[in-house]
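Subject: Structure handover

Dear colleague,

Here is the structure you were waiting for. My notes follow below it.

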Amino acid sequence: MRLLLLLLLSCVVFLAAGVGEEERLRLREKVREMFYHAYDGYMTHAFPHDELRPLSLSYTDSLVELGNAIQPTREGYSGVALTLIDALDTLAVMGNASEFARGVRWIGQHVSFDLDVDVSLFETNIRVLGGLLSAHMLAAGEVPGAAHVVVPAYDGALLRLATQLGDRFLSAFEPGVATGACSRLPRAFVNLRGGVPRTEKQEQCTAGAGTLLLEMGTLSRLTGNASYEKAAMCALRLLWGKRSHLDLLGNSIDASTGAWRNAAAGIGAGSDSFYEYLLKGYLVFGHPELFTMWNASYIAVRTHLLRGGWYGEAHMSKGGLASTTLVDSLAAFWPALQVIARLSHS
């Protein structure tokens, strides 16, 4: 899933930019060089921990830190090879079938989520669940045109891990969400053993609650269990129901009360992938309501947040751009999303 979107995005960006063949090949090799510099460094100095500390050539087990955890639960946690899971589909894109197969087999044999730790629902979804699902689809031969990276004798181990993780995610939602209950946004943190998270943080950014569908929906389609997709769609619907009369959403919300904590609307940090998942969710799953949400939110962004060629922030209910335009690096996805939107309309 993520691989197909990545390939589509790569193609449209090059087409839109009019990059010549010689320059395209040069850039491709530069990207390959950069990837292996980072990947080899991680495998040499940090694997099987979560991430590399490049200056000290050491490691950090960072999954429990992500999402601005106030008091990370480090006791008993020594990592889940986070960087390797996140890099598996990139190894496949690079055409490195042997290293991809080695990573798939290692993850399937050594990673467990039976851990009494609290993790960010959003961060663990996009990095771990997404990595497991895309690698499973590639290893199992479910991605057209990727037969060269199919892993011989692969037994579906990554899908089993993804299912275990998805089941743990459901504890962040209200009881009964799988059977239609939908009145509360998911907690920002989830305990991987299903207990109540030690982290009492209730504030959830818009992207955090609205960036679950691609992974959890794909898990539902692969397993035949609709619970994961229902939970993710519930979160999206509740979030969309909190929009202002301008069709804008704020930056962060209290997951327990549904009250906005930060009413600043924008397309950068805290909001970015909410928009991305509306459009891509529609393209992947075909839910008409996702296109309705995307179209309304896109019009609202263009109407209220655009100043000249730049996007800023505005109060979600009052409108009116801030006096200075904030250029946020996490908003860099927006032009490519516009290209995908234009092609999908065509």
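Helices (H or I, at least four residues) and strands (E, at least two) are DSSP runs, numbered from the N terminus. On that basis Gln204 is found in strand 5, and the protein has twelve helices and twelve strands.

Two points on the source. This is a predicted model, in which local features need pLDDT of at least 70 and side-chain atom pairs count only at pLDDT 80 or more, while totals for chains, interfaces and linings use all residues. Residues are numbered from 1 along each chain as its sequence is written, and side-chain values use heavy atoms, with hydrogens and water left out.

Overall dimensions

The C-alpha trace of the protein spans about 55 × 55 × 45 Å along its principal axes. The radius of gyration is taken over C-alpha atoms, and the globule rule is 2.2 Å times the number of residues to the power 0.38. For 346 residues a compact globule would come out near 20 Å, and the protein agrees, with 20 Å.

Buried means under 20% relative accessible area, exposed over 50%, and partly exposed in between (1.4 Å probe, protein chains only). By this count 49% of the 346 residues are buried. Contact means heavy atoms within 4.5 Å. Among contacts between residues at least 6 apart in sequence, 66% join residues at least 24 apart.

Core

A nonpolar core is a set of buried Ala, Val, Leu, Ile, Met, Phe, Trp, Tyr and Cys residues joined through side-chain atoms within 4.5 Å. The largest one here has 99 residues, and the members touching the most others are Phe100, Ile107, Leu132, Leu158, Phe173, Met216 and Trp334. Helix 9 (residues 227–241) contributes the most to this core, with ten residues. Leaving aside neighbours within four places in sequence, Trp334 is in contact with Ile267, Tyr275, Trp294, Tyr298, Val301 and Tyr311. In soluble globular proteins, nonpolar side chains tend to be buried together.

Two single residues

Gln204 counts as buried because its relative accessibility is 4%. Not counting residues up to four places away in sequence, Gln204 touches Pro186, Arg187, Ala188, Ala209, Ser252, Ile253 and Ala255.

Val196 sits in the loop between strand 4 (189–191) and strand 5 (203–205). Val196 has a relative accessible area of 73%, so it is exposed. The C-alpha atoms of Val196 and Ala172 are separated by 8.8 Å, with the two residues 24 apart along the chain.

Regards
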